[in-house]
Amino acid sequence: MTLRRSMLFLPGSNAAMLSTAFVYKPDSIMFDLEDAVSLREKDSARLLVFHALQMPIYEGIERVVRINPLNTPFGPKDLEAAVRGGVDVVRLPKTDCAEDVYQLEAEVEKIEKACGRTVGSTKLMAAIESASGVVNAVSIAKSSSRMMGIALAGFDYVIDMQTQRGDGTELYYARCAVLHAARAAGIDAFDVVFSDLNDEEGFLKEVDLIKRLGFNGKSLINPRQIELLHNAYAPTQEDVDYAKRVVAAAEQAERDGLGVISLNGKMIDAPIVAHANRVLQRAAASGVRK
Amino acid sequence: MKIVKEALAGTLESSDLLVKVAPGGGSLEVVINSEVMRQFGVQIRKVVDETLNKLGITDGVIVVEDKGALDCAIRARLQTAVLRGAECQDLNWSVLS
């Protein structure tokens, strides 16, 4: 089971952070070549990320690179560095429509062929940061077999919507639209960053909301948030105990040749059994909530 | 590749390095100062020499102030400083790998 609860943003220009972030064990590390890097350091960050990708220190952590948009002077060079460096996933910012992904995919394929990488080995994800992106989320999510996920990026989105970050009401439609698009396409969905590092209660409240909505995880800007997030996503001991009883009841019913499964007098159907199996898989992969 | 102007790359923060390059007078001079010279001096020198060799740098002054950077950072900062000093915009990935 691939867990994608935490995607930790790292400025691609910061050698210290690139050298040490693996110790925090996020599920994914996202080397940022876009907003976190000043114009004068774009060249330096690109090479730093290119070489960092080839270091063995990130073993077991999915490596993502956020490139600059392809219509900037930086985007095509960032893409070369990422694909040639062996990145797992390229994150495209400001994705407004499926055509943006088609263009990215064509460029990725050219680079894979040029450098000898297996065609199709570079996965893609799209960041949705505008009203157009939200409206086109389904076609974006289904635009390529390389797509592994879509992420909502809150800051640009609320500006485009002529509002501002608040209690989450302003993101309600976008969160639901992005999540449904991801599920319809069979890919993962990632929620926005929570920028107030000192508001642990607010962070956990937001995590609880997005977990209940169904998001796979969240973009993070500080390692302090990783453990909190992972713990909140871990099933409780009560969840695990119930899941074990559901799976045992399903197995017993199969042995007995019964079409209907019941547990404590309640009927258990296939989706409940499937959910119970997911809970057990998650517990095996991430442990039980502390 | 030829260094035609002075250039800098990197920082003096921990786990990073600052690289200064300047045009030379017909020979290559490489100065390396590192906080971990005693433990990793040989490896740092090897990475610096390999990187400059791949870039084809045979003339210039290269000063490396290392603050305990990983090999990947040494390669990246050195390449950036040289490319800036050579005013090179096109990336030849075969010499950067």
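Mentor: Helices (H or I, at least four residues) and strands (E, at least two) are DSSP runs numbered from the N terminus, and by that rule V138(A) sits in helix α6 (residues 137–141) of chain A. This is a predicted model, in which local features need pLDDT of at least 70, side-chain atom pairs count only at pLDDT 80 or more, and totals for chains, interfaces and linings use all residues. Residues are numbered from 1 along each chain as its sequence is written, while chains are lettered from A and ligands numbered from 1 in the order in which they are written.

Trainee: Why is V138(A) called partly exposed?

Mentor: A residue is buried with 20 or more other C-beta atoms within 10 Å of its own, exposed with 12 or fewer, and partly exposed in between, the C-beta atoms being placed from the backbone; V138(A) has 17, and is therefore partly exposed.

Trainee: Which residues is V138(A) in contact with, leaving aside its neighbours within four places in sequence?

Mentor: Contact requires C-beta atoms, placed from the backbone, to lie within 7 Å, and V138(A) meets this with A181(A) and A184(A).

Trainee: What makes strands β5 and β6 of chain A a pair?

Mentor: Two strands pair if DSSP finds at least two bridges between them; β5 (residues 123–128) and β6 (residues 147–152) of chain A, which run parallel, are joined by five, so they pair. M125(A), for instance, has G149(A) in β6(A) as its bridge partner.

Trainee: Which strands form the closed barrel of chain A, and in what order?

Mentor: The barrel of eight strands runs β1-β2-β3-β4-β5-β6-β7-β8, with parallel pairing.

How values were computed:
Two residues are in contact if their C-beta atoms, placed from the backbone, lie within 7 Å.
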